[in-house]
Every structure is written in structure tokens, then in C-alpha cells.
Amino acid sequence: SLLLAAGGAIAYVRSESFEQTMREIVVTQFEKRGVHMKLEHLSLDPVEGLVALGIEVYQDARQKVLLATVDRLNVDLNYSRLLQKDVEIEAVDLRNANVMLPLDPDDPKSETIALRSLSARVLFDGNRLEIRKAEGELYGLHLSLTGSLIRPQPPETDEEKRLAEERNRQRDNRPRQPRSL
């Protein structure tokens, strides 16, 4: 009966139901941190854990401004509350991932910067992202980075919201200027 239970668990982990449930959990957890994304595929690997493939990261929930595409991302979750679907993302690992960043996120036809063979560990701590030893290649140059990013707080007061909306309208209506490196 232990083998039967293990077989059932393996079958569930490989099912579309598991993928859809975990996709909703992962996307929701990232949205709580202000990261809006689409995932092409999500699976549980016995060695690497939860692996997301074909990730698109957007500027906001409208998903009109693409900020980055990532081919592969390993997600570390705190599974202690999995049955209640109250799972927290603790960290993500990029392992030899390719990341494309548009030079002008507001222009869908913008040229992109390609980060190749990017490996990094990113820990989540509230509004802070702790980047541990990110390494990769940018146009043949080897980059190494360690540090913290602090995500700005969303507008809370009516005045802050009005100013944020005004900035978005101005950005949406401004003429497109070509950019160069």
C-alpha cells in the first residue's frame, strides 16, 4: 500500500491539475511582490525541485510592457502550508538561464539585451530582493553581481495614486524616441 500511495503521488505530480494548482500559487506569490508574469510550463523535478519554463515578466498586471523573458527558473517554496495553498516563495535560482531585456520596455519592437548563461540565487525578504552571486555573459563580457534591490511601495493615498496614474498616462502618450547604447 505504501507503493500504491507513492505511485498515486507521482501520478498527481505529473498531472495537469498539479501543474495548474502550482502555476496559480507561483504566479500569485510573485504578484504579491509586484512581479507580473506568465509561465509556459511548470513541473516538479526530483533533483531540481519546482522548475518554471518559458517565463515572461511584465511591468504591471495589464501585461502590456514586457520587461524580460527567462527560459528557465527554479523556484524554492516553503511547502509547510501547501495543503492550505498558502505557500511562500523563499527564493529562486537561475541556472544557465538566458534572459532577454528590452532596451525600451515601452516599445514592443525594441531591441533587446541578451544575458546568457545567467546563474543566480535570489532570496525574497518582504520588499527586498537579495541577489547572491549572479554571474552571466553580456555580449561576451563575464559579469558578476551581488547586492540588494528594494521594490518601491505601491501608492497608498489618493494623491499618490493620482500622481502614479498621471505618470502612466504621460508615458503611454509620449512619442517613441530611438535609443542607442
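Hi everyone, let's start with one arginine: leaving aside residues up to four places away in sequence, R33 touches E88, I89, F124 and R151. Keep in mind that this is a predicted model. R33 sits in the loop between α2 (16-32) and β1, and a polar atom of the R33 side chain lies 3.2 Å from the backbone oxygen of I89. Is R33 buried or exposed? R33 counts as buried, because its relative accessibility is 13% and the cut-off for buried is under 20%.

Now to the salt bridges. The structure holds 12 of them. One pairs E48 with R95, with the closest N and O atoms 3.7 Å apart. Because E48 lies in the loop between β1 and β2 while R95 belongs to strand β4, this pair ties together parts that are 47 residues apart in sequence. E48, at 27% relative accessibility, is partly exposed, and so is R95 at 36%. Both belong to a network of salt bridges that also links R72, D76, D93 and R121.

Another salt bridge joins R128 and E130, where the closest N and O atoms are 2.3 Å apart. Here R128 is partly exposed at 33%, whereas E130 is buried at 18%.

Last stop, the largest pocket, with a volume of about 1600 Å³. By type, the lining residues divide into 30 nonpolar, 9 polar and 7 charged.

How values were computed:
Residues are numbered from 1 along each chain as its sequence is written. This is a predicted model: local features need pLDDT of at least 70, side-chain atom pairs count only at pLDDT 80 or more; totals for chains, interfaces and linings use all residues. Side-chain values use heavy atoms; hydrogens and water are left out. On a 1 Å grid over the protein atoms alone, a cavity is a set of points where a 1.4 Å probe fits but cannot get out, and a pocket is an open set with protein on both sides within 12 Å along at least five of seven lines; lining residues have an atom within 4 Å of a point. Grid points are joined across faces, edges and corners, and a volume is the space filled by probe spheres set on the points. Ala, Val, Leu, Ile, Met, Phe, Trp, Tyr, Cys and Pro count as nonpolar, Asp, Glu, Lys and Arg as charged, and the others, Gly among them, as polar. Helices (H or I, at least four residues) and strands (E, at least two) are DSSP runs, numbered from the N terminus. Buried means under 20% relative accessible area, exposed over 50%, partly exposed in between (1.4 Å probe, protein chains only). A polar contact is a pair of N or O atoms within 3.5 Å; within protein, one must be able to donate a hydrogen and the other to accept it, and residues adjacent in sequence count only if both atoms are side-chain atoms. Contact means heavy atoms within 4.5 Å. A salt bridge is a side-chain nitrogen of Lys or Arg within 4 Å of a carboxyl oxygen of Asp or Glu.
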